[in-house]
Amino acid sequence: MKKVLTIAGSDSGGGAGIQADLKAFAARGVYGMSAITALTAQNTVGVFGVFPVAPEFVAQQIDVVMEDLGADAWKTGMLANAAIIQVVAERARRYRIERLVVDPVMVAKSGDPLLEPEARTALIEQLLPFAYLVTPNRHEAQVLADMKIHTLEDARKAAQRIHALGPRYVLVKGGHLPGALEAVDILYDGQRFEEFRAPRIETSNTHGTGCTLASAIAAELAKGADAIQAVGEAKRYLTAALRSGASLRLGRGHGPLNHFLGQTVAAV
């Protein structure tokens, strides 16, 4: 069975963070493991508290997993601060992780910050150069590319700028583009662009979409898919989870996706 390690924060509400990652891993048929970078007190309405884990303990979590179980891919989410980013980057080098999916989490769906401002430089300089694939949404791509994004052409230019920072593939997600009838994600490999389109689903149950997509991509990469195949499969899964989750009645804010699409997970 293929194995994927998520290095991310814990969401007490269960919709995002490692909770979403592990659900997505299970739904995509891989074995999920976790190294927790921060505890958060959050729900569908907002983030009410953040308690970063000591960098040394993040490193220990990674080490004990890798030395015993190993991993076919890594996925990173909320990394909280520069010290944790440095630890993750160093461990990625040490264990020669080839399939590293970086979700550059900076702000929660509620607008609450999840990455210290001074840590952005560490993310760009220390982690992105080792990423196989990075998955910024519109707001994150604007920060990483240092430009505004209003159109698909802007997204392509941003992908080129972010690719110059070192990752092998850049996926600029289009779910936040204003006025669009479709969610169009742009994948760039340094030479050509691929577009992944899906109908925009009108629902407030969107908490954890970024975590879920990045985790599904990592799962597909772990199973042997190339980048285009992995993004395509993950996009289809996310769209189905959004559509299925539209009927959920959980929380008073941005509710979670339905990771298992209303189905019982079959034994692998």
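Buried means under 20% relative accessible area. Y188 has a relative accessible area of 8%, so Y188 is buried. The legends below describe close-up views of a predicted model.

**View 1. Y188 and F193 form a stacked aromatic pair.** The ring centres lie 4.5 Å apart, with 25° between the planes. That angle is under 30 degrees, so the pair counts as stacked. Y188 is buried, at 8% relative accessible area. F193 is partly exposed, at 31% relative accessibility. A search of the whole structure finds 2 aromatic pairs; the other is shown next.

**View 2. Y132 and Y169 form a tilted aromatic pair.** Y132 sits in the loop between α4 (119-127) and β6 (133-134). Y169 belongs to strand β7 (residues 169-172). The pair therefore ties together parts that are 37 residues apart in sequence. Both Y132 and Y169 are buried.

**View 3. R28 forms a salt bridge with E220.** The closest N and O atoms are 2.9 Å apart. This pair links distant parts of the chain, 192 residues apart. R28 is in the loop between α1 (17-27) and β2 (31-42), while E220 is in helix α7 (residues 209-222). R28 is buried, because its relative accessible area is 19% and the limit is under 20%. E220 is also buried, at 8% relative accessibility.

**View 4. R28 also meets E233 in a salt bridge.** Here the N to O distance is 3.7 Å. E233 lies in helix α8 (residues 227-245) and R28 in the loop between α1 and β2, so the pair ties together parts 205 residues apart in sequence. E233 is partly exposed, at 32% relative accessibility.

**View 5. A network of salt bridges includes R28.** Its members are R28, E220, K223, E233 and R236.

**View 6. E182 and R197 form a salt bridge between two strands.** The closest N and O atoms are 2.6 Å apart. E182 is in strand β8 (residues 182-188) and R197 in strand β9 (residues 193-199). The two residues are 15 residues apart. Both are partly exposed: E182 at 33% relative accessibility, and R197 with a relative accessible area of 44%. The count for the model comes to 14 salt bridges.

Conventions
Residues are numbered from 1 along each chain as its sequence is written. This is a predicted model: local features need pLDDT of at least 70, side-chain atom pairs count only at pLDDT 80 or more; totals for chains, interfaces and linings use all residues. Side-chain values use heavy atoms; hydrogens and water are left out. A salt bridge is a side-chain nitrogen of Lys or Arg within 4 Å of a carboxyl oxygen of Asp or Glu. Helices (H or I, at least four residues) and strands (E, at least two) are DSSP runs, numbered from the N terminus. Buried means under 20% relative accessible area, exposed over 50%, partly exposed in between (1.4 Å probe, protein chains only). Rings of Phe, Tyr and Trp (its six-membered ring) pair if their centres lie within 6.5 Å; planes under 30 degrees apart count as stacked, over 60 as edge-to-face and the rest as tilted.
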